[in-house]
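Me: I have a structure to go through with you. Please take my questions one at a time.

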Amino acid sequence: MQEVTSLAKMVNIDKNFRAVQALKKVNLEIRQGEILGLLGDNGAGKSTLIKILAGVFPPDRGEIFFEDERVNFSSPKDARARGIETVHQALSLVDVMSISRNFFLGREPTKKIGPIYLLDRKKMDGECERAVTGLGVRVRSPNEFVSILSGGERQAISIGRAMHFKVKLLILDEPLTALSVRETKEVLRQVEKARELGVSVIFITHNVYHVYPVAERFVMLDKGIKIGEVYKKDASPEDIIEIIATGKMPQALTS
Amino acid sequence: MKEIANDIGIENRKQTLSFSQIRRWPEFGVILAFLILFTFFSIFSSKFLTLRNFTGILTIVSELGIMAIGVAFLMIAGEFDLSVSSVYAFSGFLFVTLANKYNSPLAFVITLAIAAFIGFCNGVITLRAHIPSFIATLGMMLLLRGSLLAVTGGESVSYSSDTIMPAMLTRFIGHGFRPSHIWFLLLTLIFSIILTNTRYGNWVFATGGKKEVARAMGVNVNKVKVTNFMLSALMASLSGCIVISRFKLANASFGTGMELEAIASAVIGGTFLTGGYGTIIGVFFGAFLMGMMRTGLVMIGAPAYWYQAFVGAILIIAATINLKLRRLEM
């Protein structure tokens, strides 16, 4: 843990949903320009943890630091303003809206005409078309509806959108679920490209084989508790599965 | 369909002008229906295609249409407002009462402010109590109408105040045209621009399309919904003031059932009942279609009762066609 700069740090995070304790004293650190795999079975608390980081809801106890500064996000908007963006397969794009309207949702460029501000549709379509083409998604026009796109194309556009708006921390929530082999490769290529550009990535999945090729470090959660943290060089995918299955770190890996 | 889309690619999309592009124009269906009925009535009634009849239709259409724009704008954000007809009657009554006591501009402003507050209540009740807006506004509709009937005892009140607001709203301005026609056109234009060409419009679409996504992208969806509830009530109130300025008489039973006509106009105009999609120009023609049918049917000699039957049939056809078009497009 020496000589590395931390981008975001979550310290002793507790979160309860009525009687259920979803997170118990969880610590998580994400460093500058790394890909972190966040693993765990369904209901382990992965999504709750990153939702707290993304400002969807506040923690009951615990502190969050971003770029060495204590932060309290009261909405996803706050987190986005700091450069934290979540890409979630079902929650990133509106089906019945055009690609360019989705691309700029919440950050629409405007131009002033007289006393009123109108959408800069030309800029929206132009920038969106360039960005989308750069991602290798071939669409007839940025005015096409998102509903005609495949899962992979949606994922590509969501990630591309985050990159376009200079994201610092990209949170990918189960990004490969229901994707074809080719699309999976394409998304992983984009994740690596993001890292090369200096973006930190939290990659959430319950399938270690999805994230093992790209991540350097892995954090495992189970029933709201952080059960382990390993570097890629210290553990094989099978070791990680073992940790998740048994709920504890093997002696050989604890240092 | 999708394969073709991918093969064409971005570079040469400009060459693919065809039926598919016209079809993707969301107002296409309603304008086509409008033209067919217009032609039909013009052929079968000699009095239909006259300026006098046109302005007569426009008067009814303006009053329904202004309400329908508000209803549709809210519907696109994913919520219903059934209370508009009661807000309409209530506003008319309030406007007349206040105008008789003070003066009409003051009465107009207070009426609109109270209507906006009713819309605000609709929004807050829907969002805080987590009940569907259909139920919340149905309750508000009955509550307002019932109170109005109880307080007035069914008696009408006639307007006996200055002519400032009536002149600005409905007094003839030549050739049978009225200011309400201009207001309707202007409001259609304004709301259309807001919806398609402002940031707020984009948020309205997103809120109705999928509110979780809109929220995740930083849109304050509750604020959008409450604002639209208020706009819906405001438009209904304006419509109520217009109709009362024209009749010079307010009655508690005015506008009963009009909320369904407004929703029908919106749906015929291509607005999705599920939210997230619709156009104000479509609503304009939807309302026009309704008004045209009302007078057109009488003119070709059909008993007035047939109007409802026709509206029902057209509503079903329009909803079916809209769904089919959506399938083709998406």
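Questions and answers on the structure follow.

Reply: This is a predicted model: local features need pLDDT of at least 70, side-chain atom pairs count only at pLDDT 80 or more, and totals for chains, interfaces and linings use all residues. Residues are numbered from 1 along each chain as its sequence is written, while chains are lettered from A and ligands numbered from 1 in the order in which they are written.

Me: What radius of gyration does chain A have, against that of a compact globule with 255 residues?

Reply: The radius is taken over C-alpha atoms, and the globule rule is 2.2 Å times the number of residues to the power 0.38. For 255 residues the rule gives a value near 18 Å, and chain A agrees with it. Its C-alpha atoms fill a box of roughly 65 × 40 × 40 Å along the principal axes. The radius of gyration of chain A is 19 Å.

Me: Which element of chain B gives the most residues to the side that touches chain A?

Reply: Two residues are in contact if their C-beta atoms, placed from the backbone, lie within 7 Å. The contact takes 26 residues from chain B and 27 residues from chain A. α1 (2-8), α10 (199-209) and α11 (211-216) of chain B each give two or more residues to that side. With five residues, the top contributor is α10(B).

Me: Is Gly119(B) buried or exposed?

Reply: Gly119(B) lies in helix α6 (residues 104-128) of chain B; helices are DSSP runs of H or I with at least four residues, numbered from the N terminus. Leaving out residues up to four places away in sequence, Gly119(B) touches Phe229(B), Met230(B), Ser232(B), Ala233(B) and Leu234(B). A residue is buried if 20 or more other C-beta atoms, placed from the backbone, lie within 10 Å of its own, exposed if 12 or fewer, and partly exposed in between. Gly119(B) has 30 within 10 Å, so Gly119(B) is buried.

Me: How are α3(B) and α14(B) oriented to each other?

Reply: Helix α3 (residues 28-44) and helix α14 (residues 280-299) of chain B have axes 10 Å apart, at an angle of about 20°. Axes are lines fitted to C-alpha atoms over the stretch in contact, and angles run from 0 to 180 degrees between N-to-C directions. Angles under 35 degrees count as roughly parallel, over 145 as roughly antiparallel, 65 to 115 as roughly perpendicular and the rest as oblique. Therefore α3(B) and α14(B) are roughly parallel.
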